Amino acid sequence: MKILLATQKPFSSVAVNQLKELVKAKHELILLEKYREQSDLENAVKDVDALIVRSDKVTAEVVNAAANLKIVVRAGAGYDNVDLQSCSDRKIVVMNTPGQNSNAVAELSMGLMIFLARNTFLPGTGSELKGKKLGIHAYGNVGKSVAGIAKGFGMEVSAFDPFVDDSVMIGDGVTPLKSVNELYSGNDIISINIPAISSTIKSINRDILDNLKENVILINTARKEIIDEVDLLNAMRRNTGIKYGADVMPDCHEKMKEFGARYFATPKKMGAETEEANVNAAVAALNQIIDFFETGNERFRVNK
Ligand code: 3PG
């Protein structure tokens, strides 16, 4: 089978070499790295059977150009970059690799917390994480990892996730919360780890942002689309204690600069950019494809 690894933001060479080793004589691995145009991807998929991507956009045009495509694996967690409907219409299986890069994202969340609590390391007095109340929005793989690390810092951890049983959080020493409002109004630091789906786009809006504590730190290592940026700007102007740290540069980045050390965004998405996460996600993606072709295993399928 022809398997295309298409990554605008390439995996590390260690990860790519492991993929080459894994496919060996059985399958063919084709690389398309650092490509510039969507048309490059559309051309590259023409005769492939499987596609591995990161945040690369698997649009209807890409799917339509790929006559032999049977499976797409998003090597990572969020699959908002894949047109699921187009894939389903063609009976193409779409999978992600949940949990494989979550520790890397969680560690970055903690790093952003410290960076903002210390006023982006500008001279002056910052604050510690120890003893602070941390609220985690969504208790998936990343949220759970953030909770574990934060407890090591001596933080008081709570979480809101209507899809996770309270007993799971309680078992981790995390207090389950009953509502989004309780989460955002009652914590000193909030780690946002929700996926970008229709119900969450712009869901962090005025209703929530107006009720934040005075000196709250918001950390978004999820997606920029989940925050209403106009409401965020207004909230940060009104409540001059709010700090915002993001692994995804918001569209209003230039305007956010007015907040100085109260704002920081990574220039590119860095959450999963560790050697370990690259290897874990890339190898899992390829193994899932090989398993799918050999046994029909669809365990991590995300489309119908
Ligand atoms: C994910 O959804 O897995 C993370 O956001 C990482 O995305 P990336 O592989 O594009 O860095």
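The model is predicted, so local features need pLDDT of at least 70 and side-chain atom pairs count only at pLDDT 80 or more, while totals for chains, interfaces and linings use all residues. Residues are numbered from 1 along each chain as its sequence is written, and side-chain values use heavy atoms, leaving out hydrogens and water.

**The sheet**
- Strand E10 (residues 217-220) pairs with strand E11 (residues 243-246) in the parallel sense over four bridges; two strands pair if DSSP finds at least two bridges between them.
- Seven strands form an open sheet with parallel pairing, in the order E8-E7-E6-E9-E10-E11-E12.
- Its edge strands, E8 (175-176) and E12, each pair on one side only.
- Helices (H or I, at least four residues) and strands (E, at least two) are DSSP runs, numbered from the N terminus.

**The aromatic cluster**
- Ring pairs link Phe115, Phe121 and Phe264 into a cluster; rings of Phe, Tyr and Trp (its six-membered ring) pair if their centres lie within 6.5 Å, with planes under 30 degrees apart stacked, over 60 edge-to-face and the rest tilted.
- Phe115 and Phe121 are edge-to-face because their centres are 5.0 Å apart and their planes stand at 75 degrees.
- Phe115 is buried at 18% relative accessible area, whereas Phe121 is exposed at 57% (buried is under 20%, exposed over 50%, partly exposed in between, with a 1.4 Å probe and protein chains only).
- Phe115 also pairs edge-to-face with Phe264, at 4.9 Å centre to centre and 85 degrees between the planes.
- That pair joins helix H5 (residues 102-117) to strand E12 (residues 263-265), with Phe115 and Phe264 149 residues apart.
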